[in-house]
Amino acid sequence: MSSPVSDSLFARARQLIPGGVNSPVRAFRSVGGAPFFVKSARGAMLTTADNRELIDFVCTWGPAIHGHNHPKIKAAIAAALEHGTSFGTPNPYEVEMAELIVRFVPSIQKVRMCNSGTEATMSAIRLARGFTRRDKIIKFSGCYHGHSDSLLIKAGSGALTHGNPDSAGVPAAFANETVVLPFNDRDALTAAFAANPGQIACVIIEAYCGNVGFIMPDAGYLQFLREITAKHGTVLIFDEVMTGFRIAKGGVQEREKIVPDLTCLGKVIGGGLPVGAFGGRTEIMDMLAPLGPVYQAGTLSGNPLAMAAGIAALRLLEDDGSGMDPYVRLDILGRQLRDAVLAACRTKGIAVQVPQCGSMFSIFFTATPVRDYATALTGDAKLFGRFFHSCLEGGVYLAPSAYEAGFLSTAHDGVAIERACEILSGAIARL
Ligand code: KE4
């Protein structure tokens with residue numbers, strides 16, 4: 001795919017921006033080749049700087065659940081813009097956003113807005129440490145919770161993609177406070193609590209993993225996790241930055257009927273603008289400044305434009321005017337894509353796993369059922385790279401890494417999903 005305009009932009013970018021990108025996974029390092037630049041997006045489509053139209057299954061890494069540049073979200077931002085971009089004071093949008101989040105996610109009794117998923121998880125961990133007066137935390141191999149020091153240990157997403165799941169620059173003293181366990185392993189959890197009695201401040205988990213590819217928990221695993229954390233007075237944090245409002249209106253916790261102590265949010269609630277949030281039980285949340293001793297702050301937290309966009313996005317999840325529950329529609333689209341890939345791989349004789357739930361999916365080229373970091377690594381990343389580029393040539397943009405989740409939006413309905421399934425099947429036939 002010749003992209004002279006993107007190539008010249010990338011050459012300029014590499015002079016001034018490390019790797020030419022403002023976030024590593026965009027650099028195509030694990031799939032090879034040079035990234036394309038996008039100049040506009042609408043619905044299920046991206047338009048590149050070289051005027052190529054691509055069907056987008058990254059959806060800006062999750063936020064675009066209604067497709068790009070949805071007219072109602074655009075109108076909400078424009079209306080808010082009339083009154084200014086940022087006040088640095090409380091504003092009415094923040095109250096409406098908090099009321100929506102609390103209504104959608106009943107485990108959240110109080111919520112604090114911030115500006116990214118990283119801030120949300122970093123703050124939730126500090127809050128759990130302040131609340132329990134304990135230092136150690138538990139995370140899971142391959143789970144990615146943003147790039148704060150305590151969490152860049154055996155991390156997924158771009159860290160895993162670039163083979164540095166343990167980032168340089170994180171002091172050993174920090175890393176020593178983070179216990180990393182295999183996902184879906186009850187014995188490992190039991191052993192970790194036995195080895196660290198009364199020391200574990202929190203467990204943070206992507207209850208449905210989206211940063212090592214898409215991996216769902218074994219039946220009963222989340223219930224076991226809820227019980228063992230409650231037994232040890234450990235705060236259970238669900239990182240739903242990616243799954244919140246996407247897997248269900250109330251996220252994974254609604255679908256799995258688990259009540260975490262804290263929840264981290266982001267992506268969808270910003271309608272495409274920078275946002276994060278964390279919330280949960282009042283007795284924990286009230287430890288936050290200005291009420292309590294745990295400090296957390298942000299110049300642009302609760303920014304009126306981001307709040308207006310997020311409010312519009314959440315309201316569309318309640319009623320997008322289609323007459324159909326958006327989550328039913330998203331699951332139909334997700335199954336359509338999954339079934340097309342499975343059928344094409346069966347015909348070609350290629351082993352593949354296509355875990356999918358609603359609008360989240362991933363494609364692992366392996367015969368091994370994928371249930372954790374180790375089995376995710378059995379996927380043929382080189383074959384994925386070839387598949388990725390063949391899809392791109394055909395007009396479909398998948399996440400540029402074997403260790404990311406794919407996303408659908410309600411805008412993928414109809415022509416887009418039909419065309420995409422043809423392109424994906426054709427790419428598999430050519431492998
Ligand atoms: P941000 O700081 O990127 O807003 O959110 C961090 C984060 C936290 N928790 C989960 C479960 C996440 O998936 C993320 C960010 N997701 C990645 C995609 N795998 C963002 C894409 C990128 O890093 O460029």
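**View 1. D380 caps the N-terminal end of helix α14.** A side-chain oxygen of D380 lies 3.1 Å from the backbone nitrogen of K382. That is a polar contact, meaning a pair of N or O atoms within 3.5 Å; within protein, one atom must be able to donate a hydrogen and the other to accept it, and residues adjacent in sequence count only if both atoms are side-chain atoms. This is a predicted model: local features need pLDDT of at least 70, side-chain atom pairs count only at pLDDT 80 or more, and totals for chains, interfaces and linings use all residues. Residues are numbered from 1 along each chain as its sequence is written, and side-chain values use heavy atoms, leaving out hydrogens and water.

**View 2. Helix α14 spans residues 381-394.** Helices (H or I, at least four residues) and strands (E, at least two) are DSSP runs, numbered from the N terminus. α14 has 14 residues and reaches 20 Å from its first C-alpha to its last. This is close to the expected 20 Å; the expected span is 1.5 Å times one less than the number of residues. Which residues of α14 are buried? They are L383, F384, G385, F387, F388, S390, C391 and L392. Buried means under 20% relative accessible area, exposed over 50%, and partly exposed in between (1.4 Å probe, protein chains only). The buried residues of α14 pack against β3 (53-56), β13 (396-397) and α15 (415-429). G395 follows α14, and its phi is positive, near 110°.

**View 3. Helices α3 and α11 cross.** α3 covers residues 92-104 and α11 covers residues 304-318. Their axes come within 9 Å and cross at roughly 35°. Axes are lines fitted to C-alpha atoms, for helices over the stretch in contact, and angles run from 0 to 180 degrees between N-to-C directions. The crossing is left-handed: the near helix is turned anticlockwise from the far one by less than a right angle. Among the α3 residues that meet α11 are Y93, M97 and F104. On the α11 side, they include P304, I311 and E318. Contact means heavy atoms within 4.5 Å.

**View 4. T121 sits in helix α4 (residues 117-132).** T121 counts as buried because its relative accessibility is 0%. Leaving out residues up to four places away in sequence, T121 touches H145, L151, I204, D239 and C264.

**View 5. I137 belongs to strand β5 (residues 136-140).** Is I137 buried or exposed? I137 is buried, because its relative accessible area is 0%. Beyond residues up to four places away in sequence, its contacts include I125, R129, S150 and C202.

**View 6. R329 lies in helix α12 (residues 326-348).** R329 counts as buried, at 12% relative accessibility. Setting aside neighbours within four places in sequence, R329 is in contact with D320, S322, M324, T410 and D413.

View 7. Most residues other than glycine have a negative phi, and most peptide bonds are trans. N51 is found in the loop between β2 (45-48) and β3. N51 is exposed, with a relative accessible area of 52%. W61 is in the loop between β3 and α2 (71-81). W61 counts as buried, at 15% relative accessibility.

**View 8. The peptide bond from A289 to P290 is cis.** Its omega is near 10°. P290 is found in the loop between α10 (282-285) and α11.
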